Amino acid sequence: MASSSGRKDPRVPIIASLVPFLLLLLVSCSAALASAKKDGGKGARAQALFRAGDERAAYRRIVSRMARMEKDSNKTIQAIFLSPDGDIIHCVPSHRQPAFDHPKLRGQKPEDEPLARPMPKGGAAAEEEEEAVLFPQAWSDGGERCPEGTVPIRRTTAQDVLRASSARRFGMKPRASNARRDSTSSGHEHAVGYVTGDQFYGAKASLNVWSARVASAAEFSLSQIWVISGSFGNDLNTIEAGWQVSPELYGDSNPRFFTYWTTDAYQETGCYNLHCSGFVQTNNRIAIGATISPTSVYNGRQFDISLLIWKDPHRGNWWLQLGSGPLVGYWPSFLFTHLGAHANMVQFGGEVVNSRPSGSHTPTQMGSGHFPREGFNRAAYFRNVQVVDGDNSLVPAAALQLVADHPGCYDIRGGYNRAWGNYFYYGGPGRNVHCP
């Protein structure tokens with residue numbers, strides 16, 4: 001465009017330069033409106049909640065940590081183009097991960113891996129591990145990995161935080177949570193095997209992974225190992241790892257690999273995965289909180305993972321290992337009071353939250369969603385259930401006790417054979433004619 005005098009209008013470059021901005025603003029507004037319409041105003045209600053002083057401060061800390069992880073990342077893997085879970089993975093230098101925000105870890109680097117790992121008593125060969133050395137997760141299906149010296153951290157988005165009822169407790173289990181095997185009054189229901197009454201220095205088991213159906217965003221379904229010490233009052237210490245389906249935490253219904261810890265019975269300490277200063281990751285090929293793929297198929301191929309948690313007898317930290325292969329990382333011993341020495345209980349099995357929608361029991365599934373009586377290829381299982389003794393040896397979980405809070409909803413049945421050692425099937429569909 002030119003003026004009548006033949007000279008170019010000086011406003012044209014200014015207007016032209018504004019076009020990309022205006023287009024970007026239009027797209028952003030449209031996306032925001034679509035997002036608001038999609039969540040039915042839930043995000044707006046959460047924003048209003050976060051206006052409270054402590055909630056606002058917590059939200060700002062989370063946003064700041066998210067920004068720092070993105071800034072520190074030397075590689076970003078856009079899993080949204082590789083897999084349906086839509087995860088974005090940041091490869092963050094290992095000494096810049098959230099654990100090193102802890103005052104006792106600032107300025108340090110991850111410790112070297114322990115030289116000795118627990119082995120079966122008497123030097124017998126370990127049971128054959130069926131899973132590959134590389135833990136299969138959707139984000140790495142295309143052969144992607146983080147460089148040496150970094151750890152993969154799943155990006156936390158603003159929508160992840162806005163799904164939570166509290167920014168201050170984002171990434172934490174509800175206070176009503178309890179590892180107690182008969183804790184049904186809180187809405188948490190279990191079908192578990194446990195050992196108690198001794199000094200334990202770790203636990204190991206293999207468990208198959210399922211895409212359990214979760215009926216409500218307020219609920220979850222998980223299968224895990226608990227390493228426990230202390231009373232079931234406010235001094236309870238736990239270390240936990242397994243797989244879970246949690247729409248509120250992750251925004252989808254995929255089974256995901258997770259860790260957890262607490263030192264005060266889920267009150268003010270601890271968190272899932274890397275959402276707080278605690279667990280120190282050392283592995284550059286496993287993303288905690290990422291989708292596990294493939295999963296088991298009813299009447300088809302079974303896929304299981306093997307988890308080992310144990311206390312390093314030399315430095316005292318609690319390490320997490322997948323199968324006979326890679327170490328994932330460790331929980332520093334200073335995080336704990338009772339677990340600073342040893343565990344006095346180990347628990348294996350499933351847990352669901354029953355929010356009793358419409359006044360009846362939830363149809364949220366535990367495990368495969370089928371009862372133990374259906375057996376292999378149909379029901380969820382734990383096999384080769386073991387504990388670590390004071391000699392850093394793996395021994396069978398003797399006197400394993402099995403209990404289900406509501407057998408008509410979720411049940412458990414165990415046994416023993418040479419191939420699987422101590423094992424049990426567990427789980428169920430939730431609401432049914434025997435579980436109204």
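Tyr-194 has Gln-347, a residue of strand 15, as its bridge partner. This pairing is described here from a predicted model, and it belongs to the contact between strand 5 and strand 15, the latter spanning residues 343–353. The two strands run antiparallel to each other and are joined over 10 bridges.

Both strands are part of an open sheet of 7 strands, in which the order is 10-9-8-7-15-5-18 and the pairing is antiparallel. The edges of this sheet are formed by strand 10 (271–272) and strand 18 (401–404). Each of these edge strands has a single partner strand, so one side of each is left without a neighbour in the sheet.

The chain as a whole contains 5 helices and 20 strands. It comprises 436 residues, of which 53% count as buried. Among the contacts in the chain with a separation of 6 or more, 73% are made by residues 24 or more positions apart.

Rolling a probe the size of a water molecule over the atoms shows where empty space is left. A search of the whole structure identified 1 cavity of 30 Å³ or more. The volume of the largest cavity is about 230 Å³. Its lining consists of 17 residues, and those closest to the centre of the cavity are Ile-153, Arg-154, Thr-156, Leu-274 and His-275.

Helix 3 (53–72) and strand 4 (150–154) each contribute at least two residues to the lining of the largest cavity. The greatest contribution is that of helix 3, which supplies 4 residues. When the lining is divided by class, 9 residues are nonpolar, 5 are polar and 3 are charged.

How values were computed:
Residues numbered from 1 in each chain as written. Predicted model: local features only at pLDDT ≥ 70, side-chain atom pairs only at ≥ 80, totals over all residues. Heavy atoms only, no water. Pairing = 2+ DSSP bridges. 1 Å grid on protein atoms, 1.4 Å probe; cavity = no way out; pocket = protein on both sides within 12 Å on 5 of 7 lines; lining within 4 Å. Points joined across faces, edges and corners; volume = space filled by probe spheres on them. Nonpolar A, V, L, I, M, F, W, Y, C, P; charged D, E, K, R; others polar. Buried < 20%, exposed > 50% of the residue type's maximum accessible area, 1.4 Å probe, protein only. Contact = heavy atoms within 4.5 Å.
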